[in-house]
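Subject: Structure for you to look at

Hi,

Here is the structure I promised, with the sequence. Please open it first, then read my notes below.

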Amino acid sequence: MMFLFTGVMFGQKSKLSKFAPENSTAAVMPGGNGYSKFQYESVEIGAQFGLPLDVYDYALGGDVKLNFSIGEEMLLTADLQYTNFSQKNGSDGSFLPIRLGAKHFFLDDFYGGAQLGSVIAFSGGEGAQLAYGLGAGVRVDEFDISINYDNFTGFTGSQLAFRFAYVIK
């Protein structure tokens, strides 16, 4: 699907405008009821601790997430994450999920989100498989705190993860 950027929209405020950089510009895209705003919003650098829901004992990881505003309450996301699942006996599984998703802000700072993509296994499996996640979180100033369910289908790798991220605008 191809979008044509047809102009620039200024002066419109949204619930997400408090998160957007002050000097950012928005591209105007054809939308269902006229035009919708699409702009860079922020990048998040996060760390997570996971409670695996399978054979592993714990999981640690980190990620980088790009956020793009597409309306008053919605963000599109692109996420690159590294997760290492470990067992007390020393065996582990290392995964690299690459996902696209969305966050919807229900209240001022609270949101729910979903992601879908692919996961590459470095250990604990072979090849690339489907990866998806669901979560909820809160934005407090320049911090994003969330709880997420991640599943890497085809591998032994699902978790309930607690994520703490620094938001760079």
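Arginine 99 counts as buried because its relative accessibility is 3%, where buried means under 20% relative accessible area, exposed over 50% and partly exposed in between (1.4 Å probe, protein chains only). Aspartate 150 also counts as buried, because its relative accessibility is 3%. The side chains of arginine 99 and aspartate 150 meet in a salt bridge, 3.0 Å from N to O. Here a salt bridge is a side-chain nitrogen of Lys or Arg within 4 Å of a carboxyl oxygen of Asp or Glu.

This is a predicted model: local features need pLDDT of at least 70, side-chain atom pairs count only at pLDDT 80 or more, and totals for chains, interfaces and linings use all residues. Residues are numbered from 1 along each chain as its sequence is written, and side-chain values use heavy atoms, with hydrogens and water left out.

Now the other salt bridges. The count comes to ten. Arginine 139 pairs with glutamate 41 at 3.1 Å, N to O. That pair links distant parts of the chain, 98 residues apart: arginine 139 is in strand β8 (residues 128-140) and glutamate 41 in strand β3 (residues 34-52). Strands are DSSP runs (E, at least two residues), numbered from the N terminus. Both arginine 139 and glutamate 41 are buried.

Aspartate 144 and arginine 163 form another salt bridge, at 3.5 Å from N to O. Aspartate 144 lies in strand β9 and arginine 163 in strand β10 (residues 158-168), 19 residues apart. Aspartate 144 and arginine 163 are buried too. A network of salt bridges links Glu41, Glu44, Asp63, Lys103, Arg139, Asp144 and Arg163.

Next, the cavity. How many cavities of 30 Å³ or more are there? The count comes to one. A cavity is a set of points on a 1 Å grid over the protein atoms alone where a 1.4 Å probe fits but cannot get out; lining residues have an atom within 4 Å of a point. The volume is the space filled by probe spheres set on the points, which are joined across faces, edges and corners. The lining has 21 residues, and the closest to the centre are Lys65, Gln115, Gly135, Ser146 and Asn148.

Last, the largest nonpolar core. Its nine residues are Tyr56, Ala59, Phe85, Phe95, Val119, Ala121, Ala131, Phe152 and Phe155. Such a core is a set of buried Ala, Val, Leu, Ile, Met, Phe, Trp, Tyr and Cys residues joined through side-chain atoms within 4.5 Å.

Best wishes

Methods:
Helix = DSSP H or I, 4+ residues; strand = E, 2+ residues; numbered from the N terminus. 1 Å grid on protein atoms, 1.4 Å probe; cavity = no way out; pocket = protein on both sides within 12 Å on 5 of 7 lines; lining within 4 Å.
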